[in-house]
Amino acid sequence: AAGTSVPDLLSSVIVARQGEGDMAVSSSVGSNIFDVLVGLPLPWFTFSLLNSKAVQVRAESLGVSVLVLILMLVTVVGTIKCCGWRMTRAMGYSMFVLYIIFVAQDLARQLPRGDPLLPSF
């Protein structure tokens, strides 16, 4: 993931410093949308086409992951709206905090069940 995220970050920073904040945001968001809509389905489609069988996606917490994704999406859009649809320092800090919350909950859900550090979700 870092192989594509770091160049996206660098290009977004360069464009933002040139005063093109909208372009920086659309670049970072657009690349993630492309990854989800093309980067995942295309290899699965190709596999299915070549092997004449469907790709099975198995995950114990897939429903929880989808729910968290939707909640984060609503929270991010709500934060952007509260900042007046403008890139502000407050919005940057808010996005950073939301990212930390997202990573923390994801790591917590990956801990083995019965781990004494955190309760199981």
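**Reading the fold**

Analyst: In this predicted model, the secondary structure of the protein comes to five helices and zero strands, and from the N terminus on the elements run α-α-α-α-α.

User: What makes the protein more spread out than a compact globule?

Analyst: The globule rule gives 14 Å for 121 residues, whereas the radius of gyration of the protein is 18 Å, well over that value, so the protein is more spread out than a compact globule. Along its principal axes, the C-alpha trace spans about 50 × 45 × 25 Å.

User: How many of the residues are buried, and what can be said of the surface?

Analyst: Buried residues make up 11% of the 121 residues in the protein. The accessible surface comes to about 9,700 Å², and 70% of that surface belongs to carbon and sulfur atoms. As for charge, the protein has 8 positive and 7 negative charges, whose mean positions are 4 Å apart.

User: Why is Gln105 called buried?

Analyst: A residue is called buried when its relative accessible area is under 20%, and Gln105 has a value of 19%, so Gln105 counts as buried. Gln105 has its place in helix H5, which covers residues 89-110, and its side chain reaches the backbone oxygen of Phe102 at 3.0 Å.

User: Why is Leu98 called buried, and what does Leu98 touch?

Analyst: The relative accessible area of Leu98 is 11%, which is under the 20% cut-off, and therefore Leu98 is buried. Leu98 also has its place in helix H5, and, leaving aside neighbours within four places in sequence, Leu98 is in contact with Met72, Thr75, Val76 and Thr79.

User: What makes Met91 a buried residue?

Analyst: Met91, which lies in helix H5, has a relative accessible area of 11%, and because this is under 20%, Met91 is buried. Not counting residues up to four places away in sequence, Met91 touches Ile80, Cys83 and Arg86. The C-alpha atoms of Met91 and Ile80 are separated by 6.8 Å, and these two residues are 11 residues apart along the chain.

User: Why is Ser52 called exposed, and what is its phi?

Analyst: Exposed means over 50% relative accessible area, and Ser52, at 66%, is therefore exposed. Ser52 lies in the loop between helix H3 (41-51) and helix H4 (62-82), and its phi is near 55°, a positive value in a residue other than glycine. Most residues other than glycine have a negative phi.

User: How do you know that Trp85 is exposed?

Analyst: The relative accessibility of Trp85 is 57%, which is over 50%, so Trp85 counts as exposed. Trp85 lies in the loop between H4 and H5, and its phi is near 60°, a positive value in a residue other than glycine.

Notes: Residues numbered from 1 in each chain as written. Predicted model: local features only at pLDDT ≥ 70, side-chain atom pairs only at ≥ 80, totals over all residues. Heavy atoms only, no water. Helix = DSSP H or I, 4+ residues; strand = E, 2+ residues; numbered from the N terminus. Rg over C-alpha atoms; globule rule 2.2 N^0.38 Å. Buried < 20%, exposed > 50% of the residue type's maximum accessible area, 1.4 Å probe, protein only. Areas by Shrake-Rupley, 256 points an atom, 1.4 Å probe, with all protein chains shown as cover. Lys, Arg positive; Asp, Glu negative; His and termini not counted. Charge placed at Lys NZ, Arg CZ, Asp CG, Glu CD. Polar contact = N/O pair within 3.5 Å; in protein donor to acceptor, adjacent residues only side chain to side chain. Contact = heavy atoms within 4.5 Å.
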